[in-house]
Amino acid sequence: MWHETVREYLKFLLKILSNIMKLNPLYQERFDVRHNAPDNQQISEMLKMVKADSLEHLIDETIPKAIQLKKDLNLPEAQTEFEFLESFKEIAQKNQIFRSYIGLGYYNTHTPGVIQRNILENPGWYTAYTPYQAEIAQGRLEALINFQTMVIDLTGMEIANASLLDEGTAAAEAMSMFYGLRKGKKKSATVFFVDENTFPQTVDILKTRANPMGIELRFADLSQLDVTDPDIFGFYAQQINLKGEVIDLKPIIEAATENNIHSTIGADLLALTLLTPPGEMGADCVVGTSQRFGIPMGYGGPHAAYFATKEAYKRQVPGRIIGVSVDKEGNKAYRMALQTREQHIKKEKATSNICTAQVLLAIMSGMFGVYHGPVGLKKIAVRTHSLTKLLANGLTTLGYEVTNKNFFDTITVQLESEKLREKLHSILYERKINLNLTGTHTVSIALNETTRIHDIKELIEIFALVVDEDANKYSVEDKVDSLELDWPKQLIRESRFMEHPIFNQFHAEHEMLRYIKRLENKDLSLVHSMISLGSCTMKLNATAEMIPITWPEMAHIHPYAPKEQALGYREMFIKLENMLTEITGFAATSLQPNSGAQGEYAGLMVIRAYHQSRGDEHRNVTIVPSSAHGTNPASAVMAGMKVVITKCDDQGNIDLEDLKEKAEEYKNNLAALMVTYPSTHGVFEESIQEICQIVHDNGGQVYMDGANMNAQVGLTSPANIGADVCHLNLHKTFCIPHGGGGPGMGPICVAEHLEDFLPGNPLVPTGGNQAITAISAAPWGSASILAISYAYISMMGSQGLKKATQLAILNANYIKEKLAGSYPVLYTNQKGRAAHEMIIDCRAFKEFGVEVEDIAKRLMDYGYHSPTVSFPVPGTMMIEPTESESKMELDKFCTAMISIRKEIQEIADGKADTQQNVLKNAPHTMSVALAEKWELPYSREKAVFPLESVRQSKFWPSVSRIDSAYGDRNLMCSCIPVSEYEDKPEEAMA
């Protein structure tokens, strides 16, 4: 028998050798085979396991035939990684890098190399997920605590969240928060006062948010604020206004407070190292952006906004707050605090739909603060202000009028005629310099961290040329030593800030490098193992996709630079819009929404505008399935809709009879249905077209949540199922990394009848002919990271994308079959198939005292991040492996899950104690495992090396299980005091 085996093996070798010897000059390495992990052999083995003859056979049993695409996507031919980078470089070089002095909340800055290389360009940081599993996320949680502490110190407020999407959104969230907090005599107040000297993009977002909520915005000079007006519940003003004037806000804030009017102040973090912080003036909320703390402009983003307020409002704060708690061993540990505020809890009662942040950017900004420290930041601020004073004095000497007296980094200069303006513009263009020329007879100049003396000399020279004056009338060098800070005393900061040691010890690059690495090593990310979070699509973020975002041509363009300077960006936008439009089957795309939740909101606001254009203002009812993600009803409420919940049946599908009943009951006012497809339960509902038709027959539009688009691309489409609009999570399906909880992008794609209503921008023409006001601060949201999704589609091509979807579905069904004997799967279609994810039921284990959380924590001991816990069904896990995981990785994960099931069985059989067992005590840290005393009723080896494969590559959780309730009862959201780190004296020997 053995000689037959040898003969077959020799034939196999000869076949390989013949293929090697065959010459092929046309061979190219395809990107899709790098992204799509399973090879043909693995695919064959998995198909056998799931009892399918082919991928096509599996898809036919998974996706209803009626909605499958009849032809392949019409996309450009797939490029190799090297072809893409070469061709995209040519596109990027069409962008022109001018020196930017435009300001308006966006500034040139230096990203320290140690931060760029070791955080922004490091997959150990950017492939991590939102830190719900805190025990394996202590690194980025500490980095976010640093960010919060820095913001609290600089603003003078009591608490801060872990970032928001942009400054305009932060201002709108503050307005919404205070609208919800109205009480007493202000209970019926509906007016929010806005200083007319506010950044125009912030004004536009406030308009978008205010209207559907019934808030009246009143715009006027801040001096016109009548604090005795009973209709006003709040006001917004910038400490440094649109013209660059530093405003003394204390008298206004105090008067407003006395009259129960909430104050929200927009403030510049760098300026706050010199200016009296709004918190010391009594402000209720301070918002802004941390962009100038080391984050490239990126033609609009991504950047981390901040939101700081009083502790009294802690349960109304939008987004996430990182807090300090204790672990099982009594050690201090970080976690996301007050999680009952999360929008999946509040649903239709939500006041905000924020479910994400800009974590990666907040971490970078916080590290900028750590690296420079309070002294370094103040030196940068002093230099920036000093240069601004030199420029202002120089222009005054030349005869120009500088209209703002008290300024930090921005001056506004009067121009006597249109002729001077045109001459100035011409010279600036020749010198490749951008100023803010939006005023009719004025020009604003905003300096920044990168500005130097020679830049000031050149600017003075340019303005001298405009009026035919001699620039040598003013010697910059001679004036340097005579500069003084001459603001009124009440504007000058006296309080100290950022005194915690974390901001005062890592200023040498070696120390900073080691600190960053120390935090990184505490966190589990995709560099360690699969993260199979259902509905989160944690797929490969390929290096080739990431490379362009730090190219200067992509990083250093101001969002309001003239369009001729961003031709490369414009070309990419058009191509990406066309790609996404083709993939969804719709007519047009807006790239503006800068998160998935913002995409939901944008889609509903477009539907609202469509109904209003037809005279159907009364259509304000949105039907939402009971299984929907909490952001769906929250977004509907924000869009001014009344939410009606429709039931799901026992199979997890929308209950058709209940939907018909609700649609007919509200047919006169029905605005929309929000539906996720495939469903949140991980199944392609057979009746989806009928569902959409029911809504259309009753006058509504269908909004499709694109959270599960990874199961559609190339096989079906939102248009094919009958939807009218969808949003896409580019940070899921289209490979933008999650960044530990942001950034993301949520563009919307719409049918032809909705195209006219796509969102616009107050400074850059974009959107439809009847565009709604802005959703995000920048015209194209977080523009720079759009390059990642553009790269992904360009390198995958039509066939690669289709194969990715097929493999995502295969991998999920393979796991389903592997786990079938250990965990029941809650929902499948009529043929027993799951989509790209499945829900395993862990509720029966409660009988033995085992909660689904225990399984999640025990997985950490095996080196895995838990799948999604208790969503959409409490007591379950939702598993989504994605196409980027090989069969080998799937098998390792399944082996871990099966091993844990056996550990549960040991408890059920009475072989393990119901409390002192490996699940209840998980995760086990190195310090616990190496403790001198081991009194647990199982071995150390069983605790930390449950499988041989774990021994080969062990990831150690840095803390034991965290006490969440303790952290909420004792809320602390800034750096742990130094005293907590002091070594405790050993107890005296008895």
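Helices (H or I, at least four residues) and strands (E, at least two) are DSSP runs, numbered from the N terminus. This is a predicted model, in which local features need pLDDT of at least 70 and side-chain atom pairs count only at pLDDT 80 or more, while totals for chains, interfaces and linings use all residues. Residues are numbered from 1 along each chain as its sequence is written, and side-chain values use heavy atoms, with hydrogens and water left out.

**View 1. Residues 804-924, listed by UniProt as "domain: Glycine dehydrogenase C-terminal" (unreviewed entry).** UniProt positions are given in the numbering used here, feature names are shortened, and annotations may be inferred rather than shown by experiment.

**View 2. Residues 493-761, part of "domain: Glycine cleavage system P-protein N-terminal" (unreviewed entry), for which UniProt lists residues 34-463 and 493-761.** Residues 493-761 are 33% helix and 12% strand, with their end C-alpha atoms 35 Å apart.

**View 3. Residues 649-676, listed by UniProt as "coiled-coil region" (unreviewed entry).** The span 649-676 is 36% helix and 25% strand, and its end C-alpha atoms are 15 Å apart.

**View 4. Cysteines C648 and C692, neither of which is in a disulfide.** With a disulfide taken as a pair of cysteine sulfur atoms within 2.5 Å, a search of the whole structure finds 0 disulfides. For C648, the nearest cysteine sulfur is that of C692, 15 Å away, whereas for C692 the nearest is that of C726, at 12 Å. C692 counts as buried because its relative accessibility is 1%, where buried means under 20% relative accessible area, exposed over 50% and partly exposed in between (1.4 Å probe, protein chains only).
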